[in-house]
Amino acid sequence: GIVKGVVRFVKDATELDKVQKGDILVTSMTTTDFTPVLNKISGLITDEGGLTCHAAIVSRELGIPCIIGTRIATKILKDNDEIELDAEKGIVKKL
């Protein structure tokens, strides 16, 4: 799907309290520690991962648009950036 929202960059699970409803979570990778905030987010972008990684499986099950394995998302996207995530085409646009 396609979603628009505000980037919330999270380095690890200790920063999950930053995530607000509707945010697009940007992180290097997710683990089971991220589960409590996954029902809040509107999208997910990771640097690492593949078709069977935690982020891919959870986002598919919850219907969250997700782009994984970008390698550079955490270097380019910053907190409070407004973006459009098009998971069907694998495109992220800053707005």
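## Ground rules

Two strands count as paired if DSSP finds at least two bridges between them. Strands (E, at least two residues) and helices (H or I, at least four) are DSSP runs, numbered from the N terminus.

The model is predicted, so local features need pLDDT of at least 70 and side-chain atom pairs count only at pLDDT 80 or more, while totals for chains, interfaces and linings use all residues. Residues are numbered from 1 along each chain as its sequence is written, and side-chain values use heavy atoms, with hydrogens and water left out.

## Strand β2 and its partners

Let's start with β2, which covers residues 24–27. On one side, β2 pairs with β1 (residues 2–9) in the parallel sense, over three bridges; here V7 stands opposite I24. There is also a parallel pairing with β3 (residues 43–46), this one made of four bridges. In that pairing, T27 has T46 in β3 as its bridge partner.

What about the faces of β2? In a regular strand the side chains alternate between the two faces of the sheet. In β2, I24 and V26 sit on one side, L25 and T27 on the other, and all of them are buried (under 20% relative accessible area; exposed is over 50%, partly exposed in between, with a 1.4 Å probe and protein chains only).

## A closer look at I24

I24 counts as buried because its relative accessibility is 0%. Which residues does I24 touch, leaving aside neighbours within four places in sequence? Taking contact as heavy atoms within 4.5 Å, the list includes V3, V6 and V7, along with G43, L44, I45, I83 and L85. As for T46, its C-alpha is 11 Å from that of I24, and the two are 22 residues apart in sequence.

## The cysteines

How many disulfides are there, if a disulfide is a pair of cysteine sulfur atoms within 2.5 Å? The count comes to zero. C53 is in no disulfide, and the nearest cysteine sulfur, that of C66, is 6.7 Å away. C66 is likewise in no disulfide, with the sulfur of C53 as its nearest.

Buried or exposed? C53 counts as buried because its relative accessibility is 17%, and C66 is buried because its relative accessible area is 18%.

## Helix α1

Helix α1 spans residues 54–62, and its buried residues are A55, A56, V58 and S59. These buried residues pack against β3 and β4 (66–67). Just after α1 comes G63, which takes a positive phi of about 70°.

How values were computed
A disulfide is a pair of cysteine sulfur atoms within 2.5 Å.
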